[in-house]
Amino acid sequence: MSDSRRMTGTTRVAIQLATRNSAMPTMEILQREDPLVNIIEGLCGKWTLEDPASYQLQFDEAKITPPPIYITEENRDLIKDGDILKLDFSPKKSSEKIVQCFWDDSIEKNTYMNKLAALSIDKTFADHFILERGFEELTKYIINEHKTGVVSSKSGYALSAFVNLMNHNIVSWDTLSEQFLSSIAWYLDPQREPADVLIVKSALAILKSAITNSSVGKDFVTKSKFGVNSFITSIRSKDEGTQILCVSLVNTLLTVSTKDRQQAIRKHLLTNPTRQQVWESISQMTGFAGSVSKPMAYQCSTLQARLFNLLSDRLNGAIKRQDGAALKEISDLRKIAFDEDVVDSSGMARKVDECRDFTKLGFKDPAEPLAVS
C-alpha cells in the first residue's frame, strides 16, 4: 500500500532487539505515515547498531497466524496497539548467513537449520533466500545428508524448510532431480530406524507434491522401485497428519501408475501384514480422537473407491467355467445361504437340489452357474 493510501495515525508498540538478549525492549509510538526505513534507522541509533539496512522489523508470531513474519510497507497495517515487535536481521542478511553455513564446516548447522525452517514460511524471506542461491544449497545439503546415512534434527529442519519454500510457488517442481527424490525416499525406508515426525511428514509431503506436479516425480515412480512398500510403515505413526499424508501418497501413486502397477499396489495393500497394519493404525487413531477427521475420511474413501475401480474388469467380465476358485466361492455361498448338506432320518447325508438353490441365488443358468448366458 502506498503512503498516500495508508491510514494516518499512531500505533503504540513494544520493540525487542532479537540480536542482543541483554537489550531492554523499547516502547515506541509508530507514525503510520513514517516510512519503515526511517523507523528502523531510529531504532538502530537507540541500540547503537551499525548498517540499518541489515535489519528489519518482525511481527509478534503469537498474533499473526499464518505469517507473514517480516513487516513490509505492504503489510504494516497489520500492526496493532500493544503488539510486541522484534528488530532482527533483514531477510537478505539472514539468507546470506544461512547460505554460508551450508559450505562453512566451522559453523554449527543445527541452529541455522532451525531458523531456516521457521523463516521459510515467510514469502519475503523465501524470495531473498532463493535469490541468494539458498535453494540450490539446501537441495545439495539434503542429498549429502542421505549420503552420510545419518539422520538428525537438522534433517527434519531442512526437509521442513524445503516444503515451506516450495509452497510459495517460486521454484518449479520440475527443477528437482531423481537423485534428490531418491534421497527423500531414503528417509522413509522401512529398513532404517524410524525417523521423527517432522522428517516423515516432510518427506511424504515432498514426494506427493513432486509426483503430482512434475514429470520428474512421475518418472521417479514409474521407472524406479519406489512403491507403497517404501513408505507404508509410516501409517503406524501416532500423528494423524502423518497418517493422512501416507494414505494421500498411496492415492497419488494409484493415480499416476500403470494398470499393472496399480494392481500390484492393490494386492500389496490387501495382503497381511500390510492390511492389518493400515487398519489397526487408523482404528487406533480413531480411538484417540473419538472419530476420523474429515481429511482422513476423504483420503480413505478415495482409496476405497480406487481399489474398487481396479476390480471393475473382473466385476463386468465373464468367469471361465473351469475357474476352480470361482466354483469354490459359489459352493461356499450356497452353503452359507442354504446349508449344503441335509441329514435324513437314517443319519445319512443327502444332496439338496442344487438347481433350486442356484435359482434362488439369482444365477441365470442354475445347472451351470459359471456359464455366460
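**Briefing: cores, sheet and helices in a predicted model**

The largest nonpolar core has 72 residues, and F162, F226 and F231 have the most contacts inside it. A nonpolar core is a set of buried Ala, Val, Leu, Ile, Met, Phe, Trp, Tyr and Cys residues joined through side-chain atoms within 4.5 Å. Buried means under 20% relative accessible area, exposed means over 50%, and partly exposed lies in between (1.4 Å probe, protein chains only).

This is a predicted model: local features need pLDDT of at least 70, side-chain atom pairs count only at pLDDT 80 or more, and totals for chains, interfaces and linings use all residues. Residues are numbered from 1 along each chain as its sequence is written, and side-chain values use heavy atoms, with hydrogens and water left out.

- A second, separate core has 19 residues, including L17, I39, L49 and L87.
- F162 is in contact (heavy atoms within 4.5 Å) with F135, L138, T139, I142, W173, L176, F180 and I206, leaving aside its neighbours within four places in sequence.

**The whole protein**
- The protein has 16 helices and six strands. Helices (H or I, at least four residues) and strands (E, at least two) are DSSP runs, numbered from the N terminus.
- Of its 373 residues, 43% are buried.
- Take the contacts between residues at least 6 apart in sequence: 66% of them join residues at least 24 apart.

- Two strands pair if DSSP finds at least two bridges between them.
- β1 (residues 10-17) pairs with β2 in the antiparallel sense, over six bridges. T11 has L30 in β2 as its bridge partner.

**Helix α9**
- In α9 (residues 215-223), V216, G217, F220 and V221 are buried.
- Seen down the axis of α9, these buried residues fall within an arc of 135 degrees, so they line one face of the helix. The arc is that of the directions from the helix axis to the C-beta atoms.
- An α-helix has 3.6 residues a turn, so residues three or four places apart point the same way.
- The buried residues of α9 pack against α7 (178-186), α8 (197-213), α10 (240-256) and α11 (259-269).

**Single residues**
- N164 is in helix α6 (residues 153-166). N164 is buried, at 16% relative accessible area. Beyond its neighbours within four places in sequence, N164 is in contact with A117, S120 and I121.
- A205 is in helix α8 and is buried, at 18%. Not counting residues up to four places away in sequence, A205 touches V163 and L245.
- A205 and V163 are 42 residues apart in sequence, yet 7.3 Å apart in space, C-alpha to C-alpha.

**Cysteines**
- C44 is buried, at 1% relative accessibility. C246 is buried, with a relative accessible area of 1%.
- The whole structure has zero disulfides, a disulfide being a pair of cysteine sulfur atoms within 2.5 Å.
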